[in-house]
Amino acid sequence: MQIGAPRLAIDYGTACTRAVVVVPGQSWQPLMIDGSAEPSSAAHVDAHGQITVGSAAWRLAAVDPDGFVGAPLAEGAGTVSRHGREVEVCDLVTATLLLVSAEAIRLLGAVPADVRMTVPAGWGPRRRTWLRRAAHQAGLGLPQLVEAPVAAAGQRLLDGAQLQVGAFVLVCDVGATTEATVLRRGPRGFEVLSTLHAADAGGQAIDGLLAQALVAAVPVPDGTPSWPVLASMRAGKEAVSVQPAVTVPLPEPQPAVILNAAMVESAALPVLHRVADLASAAVVAAELTPADLAAIYVVGAAAAMPAVGPTLEQRLGVPVQVVPMPAATALLGAVEAAGTLDGSADTVQQEPLPPLRRVLGLLLPGVLSLALFAHTLYSAVFSGSRLLHERPWWVMAHWGELATGCVLALVVGVSAGPWFGAALARDQRLHDRWNANGQLAAGLLTGVALGGIVAALYGASAALYFLYPFGIPLRWTLLPILPAAVLVIAVAWQIRHRRDRPPGGWEAFLAIPLAPVLMMGAGMLVASQLRFLAYPAWMGVYIHLGSRTGIALVGVGIAVLLARVAVLRLIGAIALGTAGFLLSDWRLDNGVGVAVAVAVAGWWAQRLWALLR
């Protein structure tokens, strides 16, 4: 984006569409589309499949009600059936956005390169990609998407609101429908902690209740208020916010009715109680109380109703702020948003990949894993004959060494999880199925699967090499990694269902320290090799010291991996290192391998606990 280039922000809503442009050096300016700053989002499809939008769609609805779609956004992301035709809802949205594009071209000469659109916080990658596709078809390029509550909270900061980093904010967007979202202000912007949406808690529900209250005076053929009646109720409801009473015209041949503020307030009261319940539920879903909130902001077109603020205050028990220009707050916030934008339509928002040095670092435990596996086979002693294919009666192998090699293979697979997730997200069959957290979780599960496959191959290869039943080798390759694998799966599940990110990002949170892992693997390999090595008698003392040092190195690695506090790490390293040196014995090697597996599982248990607490 060029510095100083004009920006266009669009809010395609359930009932109406708003758009503003900002030209450098000038204030924001609303786009007058179809003769209004808030043109209707309604559409009409005739018998030939021709789509008409805006005020023209309402005029056609009077003569052809079967083709009318009053709120395309409420129809989902699939199709609607009109006159026996299946019409893509995306095409209806595109038709309205074409009016926005045409007005932007008329005003600016071209569609700005920087186009932003607000979206509900509860929308996932598929729905967001669907909206971008509609915008792209309308000639708006690939707009950047900004979550509406994030944009509204950001606009409040620009208006001078004082919110400290770490503060919690509730944003109630009361428009045609209602979305209640709890945000946390982080160092890099607002993070969504919880969000709830209800179609029966907004302006549309109030319009329906007003129409039902007037059913006796306004008979309708099927007993259900029609879209023209609902539109009249909406216009009258907005008018009585500034006048005590208004005359509301109704579709022919129905007579006009008188609508006053008391009637609107009476009809709106149950809906506003539903809004308050939704807001309270969103706070509970974020595991907070209203007292924990630094601010509660009410935005949206229906927020201008006088009873909205008091109803929410009564339910939550804390002050509520109905912001100035509530209908435009999120839109203006989207214009100024920075650092909260989605990526292009072709990619899911990505978690930054670990640095390249970690890729190279994974080669060391990978090579060490292969070395431990190869040394287990090479150093084993067994009866029988490979030449004659005689199955052995016994096998004396360093099973603990093999278990350590499998644990290292699992560590390599899981550490490569971010790259696996990025690779999966590029597959067209999986395109846009995950957000950043879901992508990372899929990568971790893939890493667990890869580690399990490598461990199974190690066990099967050992059984084939020894001409031995598969049970014992597989027991020493699969069971040691099982606890860590289960914990990684649990961590992936938690990551998939979280919206926030830990300080420093997921890469730092999940990066298992390679230094202690290498200590454990190298110590086990050194101890096993020196015990297997043939040596002259005069070297016996040095060989025994070397093998004991190897086991001591394993103990130090376990302490460094598990202890989080520097003092405890030092004490643990001394204690476990000394114990390993003094208790080193070939009969305990299998137990040392199990200890390595338990240590890695313990590290992942700490990660899971950090997510759960």
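Predicted model: local features only at pLDDT ≥ 70, side-chain atom pairs only at ≥ 80, totals over all residues.
Glutamine 155 counts as buried because its relative accessibility is 10%, where buried means under 20% relative accessible area, exposed over 50% and partly exposed in between, using a 1.4 Å probe and protein chains only. This glutamine lies in helix α4. Helices here are DSSP runs of H or I of at least four residues, strands are runs of E of at least two, and both are numbered from the N terminus. Not counting residues up to four places away in sequence, glutamine 155 touches Thr329, Leu332, Gly333 and Glu336, contact meaning heavy atoms within 4.5 Å.

Residues are numbered from 1 along each chain as its sequence is written, and side-chain values use heavy atoms, with hydrogens and water left out.

Let me continue with helix α9. Helix α9 spans residues 329-336 and is mostly covered, with 7 of its 8 residues buried. Those buried residues are Thr329, Ala330, Leu331, Leu332, Gly333, Ala334 and Val335. What covers them? The cover includes the strands β1, β2, β9, β10 and β16, together with helix α4.

In the order β3-β2-β1-β9-β10, 5 strands form an open sheet with mixed pairing; two strands pair if DSSP finds at least two bridges between them. At the edges stand β3 (29-30) and β10 (144-147), each of which pairs on one side only. Strand β9, residues 114-119, runs parallel to β10 and is joined to it by 4 bridges. Within that pair, methionine 117 has leucine 145 in β10 as its bridge partner. Helix α2, residues 89-108, packs on the sheet and touches β1 (7-12), β2 (17-22), β3 and β9. The direction of α2 makes about 155° with that of β1; axes are lines fitted to C-alpha atoms, for helices over the stretch in contact, and angles run from 0 to 180 degrees between N-to-C directions. Helix α4, residues 148-158, also packs on the sheet, touching β9 and β10, and its direction makes about 75° with that of β10.

I turn now to a hairpin. Strands β7 and β8 form a hairpin with 2 residues between them, and histidine 83 in the turn has a positive phi of about 55°. The strands run antiparallel, and 4 bridges join β7 to β8 (residues 85-88). Serine 81 stands opposite glutamate 86 in β8. In a regular strand the side chains alternate between the two faces of the sheet.

Aspartate 34, in the loop between β3 and β4 (43-45), has a phi near 60°, a positive value in a residue other than glycine. This aspartate counts as partly exposed because its relative accessibility is 39%. Glutamate 287 sits in the loop between α7 (261-285) and β16 (293-299), and has a positive phi of about 60° although it is not a glycine. Is glutamate 287 buried or exposed? It counts as exposed, because its relative accessibility is 74%.

My next topic is a pair of helices. The axes of α11 (residues 399-415) and α20 (residues 589-612) come within 6 Å and cross at roughly 20°. That makes α11 roughly parallel to α20, since angles under 35 degrees count as roughly parallel, over 145 as roughly antiparallel, 65 to 115 as roughly perpendicular and the rest as oblique. Among the residues that meet are Trp399, Val407 and Val414 in α11, and Asp589, Val596 and Trp604 in α20.

Helix α20 also holds tryptophan 603, which counts as buried because its relative accessibility is 5%. Leaving aside neighbours within four places in sequence, this tryptophan is in contact with Phe509, Leu510, Ala511, Ile512, Pro513, Leu561 and Leu562. Tryptophan 603 and leucine 562 are 41 residues apart in sequence and 5.9 Å apart in space, C-alpha to C-alpha.

Finally, the chain as a whole. The chain has 20 helices and 19 strands, and of its 613 residues, 49% count as buried.
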